[in-house]
Amino acid sequence: MLRVEHLSLAFRGVRALRDVSFDVAGGSITALIGPNGAGKTTLFNCVNRIVDSDSGAIFLDGHDVTRARAPQLARLGVARTFQHAALFSSLTVAGNVRAGRDLARRAGRVESAPSVDDTLALLDLGDVADRSTDGLPLGTKKRVEIARALASAPRMLLLDEPAGGLTHEEVDEMRQLLITVKDELGLTILLVEHHVTMVMTMSDHVVVMSSGEVIADGLPAEVRSDPRVISAYLGS
């Protein structure tokens, strides 16, 4: 579904991405892991068209979207969450989800968008639907942001550290939630995540980055035993 080919990017002479290439198969969960500063979020920003790469190409279903604008990606069914939940604090939980559905309407995808009530139910948010997002626990805020993204009727969901800052119990709940969401909605998921156990137990495919480069790419078991990954990221 998604293909990244030879993507490179430098900021003021610092190479953030170095000839990055990998594929994300439709209907899969692909995890992007690596140490801090590896270039994972920069890569996300290129795929999501927040920043432009210096060279290389990005294809979605065979269409070149390397220089597409964010609204075009929304029309093609790509949605994203951020490392720090970026919610509309002036809106209720249901209002935030409704904003996602409004995006689906503007993108011409509202017919395939789930209802607000169905989305809230899927993310187990019905009990807090009428509450402001201010003051909600972090785990709940993460689910609200995912719900808002799902309400935009995506085919592909980009998740930047969905389990970041969560407790061990919440991490396991998030892992199961994402598997359920993927299966029920037929989504393709690409996520950046630091929780290695979560990644290895839910992903179909793992890409490992270090210093802006891909150092391993394959099945979770293959990646976990790769000497380069152990040295650069996992340790003994």
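Close-up 1. Asp160 is buried, with a relative accessible area of 2%, where buried stands for under 20% relative accessible area, exposed for over 50% and partly exposed for values in between (1.4 Å probe, protein chains only). Its partner Arg80 is likewise buried, at a relative accessible area of 11%, and the side chains of Arg80 and Asp160 meet in a salt bridge of 3.3 Å, N to O, the term being used for a side-chain nitrogen of Lys or Arg within 4 Å of a carboxyl oxygen of Asp or Glu. Because Arg80 lies in strand β6 and Asp160 in strand β7, the pair ties together parts that are 80 residues apart in sequence. Helices (H or I, at least four residues) and strands (E, at least two) are DSSP runs, numbered from the N terminus. This is a predicted model, in which local features need pLDDT of at least 70 and side-chain atom pairs count only at pLDDT 80 or more, whereas totals for chains, interfaces and linings use all residues. Residues are numbered from 1 along each chain as its sequence is written, and side-chain values use heavy atoms, with hydrogens and water left out.

Close-up 2. Arg148 is buried at a relative accessible area of 14%, and Glu145 is buried at 2%.

**Close-up 3. Strand β3 between two parallel neighbours.** Five of the five residues of β3 (residues 29-33) are buried, so the strand is largely enclosed by the rest of the structure. Both of its faces are covered, with Ile29, Ala31 and Ile33 on one side and Thr30 and Leu32 on the other. Four bridges join β3 to the parallel strand β8 (residues 188-192), where Leu190 is the bridge partner of Thr30, and four bridges also join β3 in the parallel sense to β9 (residues 205-210), where Val206 is the bridge partner of Ala31; two strands are taken to pair if DSSP finds at least two bridges between them.

**Close-up 4. Val206 in the largest nonpolar core.** The largest nonpolar core has 45 residues, and Val206 is one of those with the most contacts inside it, together with Leu120, Leu125, Leu157, Met198 and Val208; such a core is a set of buried Ala, Val, Leu, Ile, Met, Phe, Trp, Tyr and Cys residues joined through side-chain atoms within 4.5 Å. Its largest share, six residues, comes from helix α6 (residues 168-185). Leaving aside residues up to four places away in sequence, Val206 touches several residues, including Ala31, Ile33, Ala216 and Val223.

Close-up 5. Five bridges join β1 (residues 2-11) to β4 (residues 55-60), and Leu2 stands opposite Leu60 in β4. Helix α1 (residues 40-47) has seven of its eight residues buried.

Terms used:
Contact = heavy atoms within 4.5 Å.
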